[in-house]
Amino acid sequence: MSQTPPSTTALRVSGLAQNDATPFEVLPDAKAMKALADTLELSGLRKMRFEGQITAYGTADWLLTGTLGATVTQPCAVTLVPVTTRIDVPVRRLYARDYEEIDVPETEMPEDDEVERLGAWIDPESVMIESLSLAIPDFPRAEGAELGEMVLTEPGVAPLTDEAARPFAGLADLKSQLTEKKDD
């Protein structure tokens, strides 16, 4: 087992109190937030805080619970205008001593993605980084930004639009016309 902690926030499992919660708080400085923003390809990252506790879970497992808060700035997926998003998410990780990883080339992801193998260290900083990367919007949009429709075709050919590609939309129109004629 490694004697060197993976980060300054890592806690040695053998040093955790079995009968009491071990609180933690991670407040990255400006330099760390800048590095993380660069890694995650964010335009900006501020007001980041991860706090919670680690408690014994059963006889051999440990449970990390906490709250991650951060403000991220990303370019809009449509207009590239900066979009600011506030993230406040609960975080939960169960570190299981008897966790078995599946060693098969292709496998389905288990539904419970909060369970991890228990090692010598529990590192709130790495949990914070993983949780942030999962919580940031994949395609942020500025208010009012809409993705337009591009229609391309050869000269002299009617373009195929999204509306024309919906075969049942035409049937719905036909049905409403027939219903109107019956009512007359």
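Strands here are DSSP runs of E with at least two residues, numbered from the N terminus, and two strands pair if DSSP finds at least two bridges between them. The model is predicted, so I note that local features need pLDDT of at least 70, side-chain atom pairs count only at pLDDT 80 or more, and totals for chains, interfaces and linings use all residues. Residues are numbered from 1 along each chain as its sequence is written, and side-chain values use heavy atoms, with hydrogens and water left out.

I then checked the connection: β3 and β4 form a hairpin with three residues between them. In that turn, Gly58 has a positive phi of about 75°.

On the other pairing, I found 14 bridges between β4 and strand β5 (residues 82–96), again in the antiparallel sense. Six residues lie between β4 and β5 in their hairpin, where Leu80 has a positive phi of about 70°.

I followed Val72 of β4 across both pairings: Leu45 stands opposite Val72, and Val72 stands opposite Thr85 in β5.

I looked up burial next (under 20% relative accessible area is buried, over 50% exposed, in between partly exposed; 1.4 Å probe, protein chains only). Eleven of the 15 residues of β4 (residues 61–75) are buried, so the strand is largely enclosed by the rest of the structure.

Finally, I examined Arg46 in β3, which is partly exposed at 41% relative accessible area. The C-alpha atoms of Arg46 and Thr73 are separated by 8.7 Å.

Notes: Helices (H or I, at least four residues) and strands (E, at least two) are DSSP runs, numbered from the N terminus.
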